[in-house]
Amino acid sequence: MSATPPPRGRLQAGSGVALAAIIALLALISLVWTPHGGVPGSATALAEPGAAHWLGTDQTGRDVVSALMSATLTSLLLAWFATLVSLVVGIPLGTLLAARLGPGATRQLVLIGILPAALCLGAIFGGLRLQTTLSVFLAIGLPGAIAATIGSRSIMAPVLAAEYVAAARLAGLGWLGAGQRHVVPMVLPGLIALGLDLLAAALLIEVTLSFAGLGVDGSGLSLGTMLRDGQQLAQARPLLVVAPGAVAVVTALALLMAASGLRETRRGIA
Amino acid sequence: MLVAVGRFAGVVAFSWLILFVLLHLLPNAGADVLAVQFPADRLAVTLPLVLMAGILALLLGAGISLLAARIGGAADRLLGGMATVLSHLPPFWLGLLLALMLAGMLPAGGFMPWSAGPSQALASLVLPALALGLPHAGEFAIRLRAAFGPEVEEAEIRALRIGGVTPERARWSISWNRALPNLPQLAGRLLATVLVGAVVVENVFYLPGLGRQVLGAALAHDLPALRASLFLLVVIAAVLMLLGTLGRLAVEWKSGALR
């Protein structure tokens, strides 16, 4: 077993994490500073992109760069909490299933596994007048928990059944000790990669739901609502449609890149 | 063999159980479908859209994965990366972009009814079908590539080589036999996800389909209409998945895996 992972996986994971971190940092900075405050009416509506407003302003007279920064924060936060809940529910369930029943299905594609269910749930919750943030949260979190269960089961099963774990147990190590020393280090990269996949999927679904009007409501600002508002003006100001979607897609792809890099690293060690 | 039969029976039973539970969770759902009047005119938009997008996704996805499996190596990785990117473009955003770029050439909003002539109706479905089909093509390519499995080993093709088959053909037929049982099921699942994905895409292009009815009812908090339309959507999706599972059963039966 070689200790140094192949550089390709590590480079890929590193650049993915770096890109996602830069975007997240810009989003966080919006809490204390944006180029123009991002308040509606602070500038002329629908200004052309230029030196003053890098991406122009929208129909309410809000600087698009400032709006993008705060909208990314909203979208990322919603996606983050939905992912966290999915993992907190899914990983213990998946571990239990792996220990009791062994390996299940092979790894599923996370986004496609969640999106249809999330859309149907979003429509139901939207129709029931559920509070919109909660509705997005549940619509992503419920199918996300199932995806996390399936994913973590297939990650945990081979390690739990490994001979060296049984050997460690025979040698007198308790469940907790064996888990800490032999299971956690083996499964951690896989589980983190699963979490990153889920986060990317959750972000794209939040954008889709908010665009459809089932997510963050009129007063809130997320990447999806920016796209919804921009759709009417797409012909006159293409940037209002291109920019928010591009931010969402680039963030999601950076997270996916980090995830697949992590998996590659793992394969190199195992 | 019995295990395989049991697995299929389980899958079929499970999908019907879910339907049964859904029926009872949504009271009077069946009656509502009839009361709201069977939305034949909406299905006349949604089903052709799903079919067009589905065929595009199947052909393009199969093409990408066949190419990747055939060439292998760096091209395999590159095509896999392309498929991943494609599968993570939200269809509605792709629709917005396509409408921006191609609005002059193709109708980018609204629907010409079939009575006005099939060519115009089809033309108004081209951009939505592209928006819906391209991301699903990426997804289908990834799944089918996984079904082809890892590179065929020398030992596996030896028996075929002895029978006088060229190595190329032997490699090919082994990959193909690995993927074939999965194909109907993958196609069924693909069509089901395309159907649900159409909900948002129809809204981007102002198409009066079933998905637009679902979303409109949800936004208007019109619960009876929501129940009826969502029920119909889920039933059609479940039937598509069921057909896929039955297709797999048929393929495995024919190949003798079940006997």
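Begin by colouring chain B by secondary structure: in this predicted model, chain B has 11 helices and 0 strands, and from the N terminus on its elements run α-α-α-α-α-α-α-α-α-α-α. If you then colour by burial, buried residues account for 39% of the 259 residues in chain B. Of the contacts in chain B between residues at least 6 apart in sequence, 77% join residues at least 24 apart.

The crossing of α6(B) and α8(B) is right-handed. To see where they meet, show B:Leu144, B:Ala147 and B:Phe148 on α6(B), and B:Ser175, B:Arg178 and B:Ala179 on α8(B); by class, the residues of this contact are 4 nonpolar, 1 polar and 1 charged.

Next, display both chains and turn to the contact between them, to which chain B and chain A contribute 30 residues each. On the side of chain B that touches chain A, at least two residues come from each of α4 (73–87), α5 (91–102), α6, α9 (182–204), α10 (210–219) and α11 (223–254) of chain B. That side of chain B comprises 22 nonpolar residues, 7 polar and 1 charged.

For one helix pair across this boundary, select helix α3 (residues 110–127) of chain A and α10(B), the axes of which come within 7 Å and cross at roughly 30°. Here A:Ala123, A:Gly126 and A:Gly127 of α3(A) meet B:Val214, B:Leu215, B:Ala217, B:Ala218 and B:Leu219 of α10(B), and the residues of this contact are 6 nonpolar and 2 polar, with no charged residues.

Which residues of the largest nonpolar core touch the most other members? Select A:Ala123, A:Leu203, A:Leu255, B:Leu195 and B:Val214, which hold that position among its 143 residues. Helix α6 (residues 175–212) of chain A gives the most to this core, with 17 residues. Centre the view on A:Leu255 and, leaving aside residues up to four places away in sequence, you will find that A:Leu255 touches A:Gly16, A:Ala20, A:Leu196, A:Leu199 and A:Ala200.

After α5(A) comes A:Gly172, which has a positive phi, near 105°.

Note on methods: Residues numbered from 1 in each chain as written. Chains lettered and ligands numbered in written order. Predicted model: local features only at pLDDT ≥ 70, side-chain atom pairs only at ≥ 80, totals over all residues. Left-handed = near helix turned anticlockwise from the far one by under 90°. Helix = DSSP H or I, 4+ residues; strand = E, 2+ residues; numbered from the N terminus. Contact = placed C-beta atoms within 7 Å. Nonpolar A, V, L, I, M, F, W, Y, C, P; charged D, E, K, R; others polar. Core = buried A, V, L, I, M, F, W, Y, C linked by C-beta atoms within 7 Å. Buried ≥ 20, exposed ≤ 12 C-beta atoms within 10 Å, placed from the backbone. Axes fitted to C-alpha atoms, helices over the stretch in contact; angles between N-to-C directions.
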